[in-house]
Each structure stands twice: as C-alpha cells, then as structure tokens.
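Please keep the sequence and the coordinates in view while reading.

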Amino acid sequence: MKKILLCLCVLSLGFSAVRLQGQASSMGYGPGLGLGIQLIPFLLETGLEGSLHEWPPVTVKDSYRGSPIEGTFGLSMTRVGVYAKFSIPGLNLIPVLGFFANPTIHFGTQHGIVGVDGEAKIPGANTGGAPLSGRYSFQGSYGLLGFPNYLLWFFIEPAFGASSIPLPFVGLRTLYEAQIALGVSF
C-alpha cells in the first residue's frame, strides 16, 4: 500500500505546474503565482492563480471653484482566480499561427483600494467636478484571454479582457484591459 501511495505521489509531481510571473497592465504592475495540474497531459492545464497589482502614485494639480487643489491618487489590488490553458499540438510549428498555440483563459475576483492623499480630481471620474479624498474599496471580477509563448521554461503572455470596478464615481464600471506577463513555468 505504501509503495502505491509513493508511486501516485511521484506521478502527480510529474503533472503539476508552477507559474511565477511579473505582469504589467492597465490595472497596474506586480507579481503573480499560478499553481496548476495537467488534467489532460500536453492538452489541458488548469489551476489557481493570484496576483498583486499596483499603480504608482499619480499627483494631480487642478482647481475647484477657483481654489487650487493638489493630491495624489493610487490603486492597489489583489486578484484570485482560476485559469485553463489549452494546447493545440502542431500549431506552434506554423509561422504566425504558432502565436495562438496555447490559449489561456483567466477569470476570478479582485479586491482593491483607490486611495487619494489630499484632494484630487481623478481623470474619468464622475464626481460633478468635485475633488475626491480618502480611501475607496471595491470588489469585482476580471476575465482575460491570454496567449503565452514559451522558450524552455520562460514565457511571455499578452492577454486581453475586462475588469469590473464598481465604484460610484467611475462612469464606466467595466474597464477593458491589456496585460503583458513575463515569467517561468515548470
């Protein structure tokens, strides 16, 4: 019995996947981690993923009712979700079409904070012209379609999709997103 359990453990290690990456997108930049398993070896990998995104602080100088205002705003966000990577054997051998050989779907939830230090008018915010101050939290969802390309263990993955940011002062609550990720997968 012990030998069978040991054999199953060793075999399961051969089918596991670990993705370490850094990404930059319209939602910020930061590190990410994915842990998956090959459900159908060389055809379908699924797993859990998480990432941190942060915008660098942006300083805004403006005026409100004739008085100058100045403030800094930023965004920090965490994402937790799942991914499914499909592999199309042979497609990677065809020039140009090989770019689409490993389509990957990412989706999950996100939680973030928009922080305003001082008073600032956030571009695109629907506040009636009034400045914002303080911290605003949000919880939403995201969905991305990516196309990773590999060189041994290294990969680069451009991805496109949408993010839900339900803040009362944001006119568009669904933001379209583009992301590029660099990392290793083993």
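Predicted model: local features only at pLDDT ≥ 70, side-chain atom pairs only at ≥ 80, totals over all residues.

Residues are numbered from 1 along each chain as its sequence is written, and side-chain values use heavy atoms, with hydrogens and water left out.

Of the 186 residues in the chain, 36% are buried (under 20% relative accessible area, with exposed meaning over 50% and partly exposed in between, for a 1.4 Å probe and protein chains only). Among contacts with a separation of 6 or more, 59% are between residues 24 or more positions apart; a contact means heavy atoms within 4.5 Å.

The chain has one helix and ten strands, where helices (H or I, at least four residues) and strands (E, at least two) are DSSP runs numbered from the N terminus. In sequence order the pattern is α-β-β-β-β-β-β-β-β-β-β.

Strand 2 (residues 28-40) and strand 3 (residues 44-54) run antiparallel and are joined by nine bridges; two strands pair if DSSP finds at least two bridges between them. Gly36 stands opposite Gly47 in strand 3. The two strands form a hairpin with three residues between them, and Phe42 in the turn has a positive phi of about 70 degrees. Strand 3 also pairs with strand 5 (residues 67-86), in the antiparallel sense, over eleven bridges. There, Glu49 has Gly81 in strand 5 as its bridge partner.

The largest nonpolar core holds 14 residues, of which Val114, Val116, Ile122, Phe138, Leu167 and Phe169 touch the most other members. Such a core is a set of buried Ala, Val, Leu, Ile, Met, Phe, Trp, Tyr and Cys residues joined through side-chain atoms within 4.5 Å. Strand 5, strand 6 (104-120) and strand 7 (132-146) are the elements that give two or more residues to this core. Leaving aside neighbours within four places in sequence, Phe138 is in contact with residues including Leu75, Met77, Val114 and Leu167.

Which charged groups pair up? There are three salt bridges, each a side-chain nitrogen of Lys or Arg within 4 Å of a carboxyl oxygen of Asp or Glu. One joins Glu157 and Arg19 at 2.7 Å, N to O. Glu157 lies in strand 9 (residues 154-164) and Arg19 in strand 1 (residues 16-25), 138 residues apart. Both Glu157 and Arg19 are buried.

Glu157 also meets the side chain of His106, in a side-chain polar contact of 2.8 Å (N or O atoms within 3.5 Å; within protein, one must be able to donate a hydrogen and the other to accept it, and residues adjacent in sequence count only if both atoms are side-chain atoms). His106 is in strand 6 and counts as buried because its relative accessibility is 6%.

Glu45 forms a salt bridge with Lys85, the closest N and O atoms being 3.6 Å apart. Glu45 is in strand 3 and Lys85 in strand 5, so this pair ties together parts 40 residues apart in sequence.

Arg79 forms a salt bridge with Glu177, with the closest N and O atoms 2.7 Å apart. This pair links strand 5, which holds Arg79, to strand 10 (residues 174-185), which holds Glu177, 98 residues apart.
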